[in-house]
Amino acid sequence: MRIEPVIRTQNLTRRFDGVTAVDGLNLEVYPGEIFGLVGPDGAGKTTTLRMLCSLLDPTEGTATVAGHDVVQESQQVKDSIGYMAQRFGLYLDLTVQENMDFYGDLFGIVGSERVALTGKLLRMTRMEPFTSRRAGQLSGGMKQKLALMCTLLHRPQILFLDEPTNGVDPVSRRDFWAILYQLLKDGITILMATAYLDEAERCNRVGLIHRGKLIRCDAPDALMRSADASDLEEVFVRTIREAEARGA
Ligand SMILES: Nc1ncnc2c1ncn2[C@@H]1O[C@H](COP(=O)(O)OP(=O)(O)OP(=O)(O)O)[C@@H](O)[C@H]1O
Ligand SMILES: [Mg+2]
């Protein structure tokens with residue numbers, strides 16, 4: 001039986017007057033995978049995620065998410081996903097619990113369902129002791145955990161994370177990854193943009209994006225083997241140099 005991808009892009013392209021931010025992207029992500037989109041600043045990662053979340057229309061090409069076209073069926077796409085933006089909107093004056101209540105209201109999660117889900121998320125992230133702390137007083141890692149919990153209150157089938165551990169210390173990053181593995185076990189598919197190559201190595205598959213183009217896409221092991229490299233950093237530095245030498 002052929003497994004259908006839950007995310008598929010065909011020639012996905014986005015131009016902003018003069019700049020081609022995403023250039024002919026062909027990508028497939030399968031159910032239950034964690035896929036890492038890696039690339040330097042300005043490579044087009046956020047623009048790609050925003051199109052896949054139906055927040056920005058492509059200039060050319062198409063994409064389907066959870067079987068729905070991101071332009072024609074944007075509401076169904078939005079209903080199926082969770083999107084943790086690069087600068088996720090937490091209310092810093094509100095407590096952890098109040099932020100979660102706000103997003104619970106926004107997503108229509110109420111009553112006993114809300115109590116059960118917030119309880120589960122707080123346990124999973126080990127944030128129970130901090131429910132009455134204001135978001136503005138949380139550490140960087142805890143802020144990101146709170147943003148993730150708020151995103152998960154939407155009960156997404158597919159989770160889009162834009163550099164979720166940026167600026168977070170290594171120990172908190174490990175905690176964050178433990179949560180992601182738990183989510184994968186629960187059957188959620190994850191597409192994350194990251195600038196950390198050690199983090200990319202933990203993904204099932206990785207796409208390297210450079211100047212809007214996907215220039216490599218494979219499992220981390222396969223990428224390293226084919227480039228005879230000992231880590232992804234070596235693969236990526238070399239691949240980007242080659243692409244630049246070709247004028248890509
Ligand atoms: N709304 C916009 N208007 C004009 N140009 C834009 C807009 N959004 C993005 N761009 C440009 O598109 C390119 C890709 O930007 P994007 O934010 O997708 O990159 P990124 O890979 O997420 O970078 P970073 O790692 O810095 O977050 C950049 O050149 C950026 O300046
Ligand atoms: Mg970005």
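Colleague: Which are the protein donors of the magnesium ion (ligand 2)?

Modeller: This is a predicted model, in which local features need pLDDT of at least 70, side-chain atom pairs count only at pLDDT 80 or more, and totals for chains, interfaces and linings use all residues. Donors are N, O and S atoms within 2.8 Å of the metal (3.2 Å for Na, K and Ca); water is not among the atoms, so sites may look incomplete. Those of the magnesium ion lie 1.9 to 2.3 Å from it, and they are Thr46 (OG1) and Gln86 (OE1).

Colleague: How far apart in sequence are the parts that this pair ties together?

Modeller: Residues are numbered from 1 along each chain as its sequence is written, chains are lettered from A and ligands numbered from 1 in the order in which they are written, and side-chain values use heavy atoms, with hydrogens and water left out. Helices (H or I, at least four residues) and strands (E, at least two) are DSSP runs, numbered from the N terminus. Thr46 sits in helix H1 (residues 45-52), and Gln86 sits in the loop between strand E6 (81-84) and helix H3 (96-106), so the parts tied together are separated in sequence by 40 residues.

Colleague: What relative accessibility does Thr46 have, and what does Gln86 have?

Modeller: Buried means under 20% relative accessible area, exposed over 50%, and partly exposed in between (1.4 Å probe, protein chains only). Thr46 counts as partly exposed at 26%, and Gln86 counts as partly exposed at 29%.

Colleague: Which residues are the closest to ligand 1?

Modeller: A residue is near a molecule if one of its heavy atoms lies within 4 Å of it. The surroundings of ligand 1 consist of 13 residues. The closest are Gly42, Lys45, Thr46, Thr47 and Gln86.

Colleague: What share of its accessible area does the protein cover on ligand 1?

Modeller: An oxygen atom of ligand 1 is 2.8 Å from an N or O atom in the side chain of Lys45, and a polar side-chain atom of Gln86 lies 2.9 Å from an oxygen atom of ligand 1. On its own, ligand 1 has 640 Å² of accessible area (Shrake-Rupley method, 1.4 Å probe). The protein covers 62%.

Colleague: Which element gives the largest share of the shell around ligand 1?

Modeller: Two elements give two or more residues to this shell, strand E2 (19-29) and H1. The largest share is 3 residues, and it comes from H1.

Colleague: In what order do the 4 strands of the open sheet stand?

Modeller: Two strands pair if DSSP finds at least two bridges between them. E2 and E5 each have a single partner strand, so they stand at the edges. The order is E2-E1-E4-E5.

Colleague: Which residue in the turn of the hairpin of E4 and E5 has a positive phi?

Modeller: Most residues other than glycine have a negative phi. The hairpin has 2 residues between E4 and E5. The one in the turn with a positive phi, of about 55 degrees, is Ala66.

Colleague: Is Arg126 buried or exposed?

Modeller: Arg126 is placed in the loop between helix H4 (111-124) and helix H5 (140-152). Its phi is positive, about 55 degrees, although Arg126 is not a glycine. At 60% relative accessibility, Arg126 counts as exposed.

Conventions: Polar contact = N/O pair within 3.5 Å; in protein donor to acceptor, adjacent residues only side chain to side chain.
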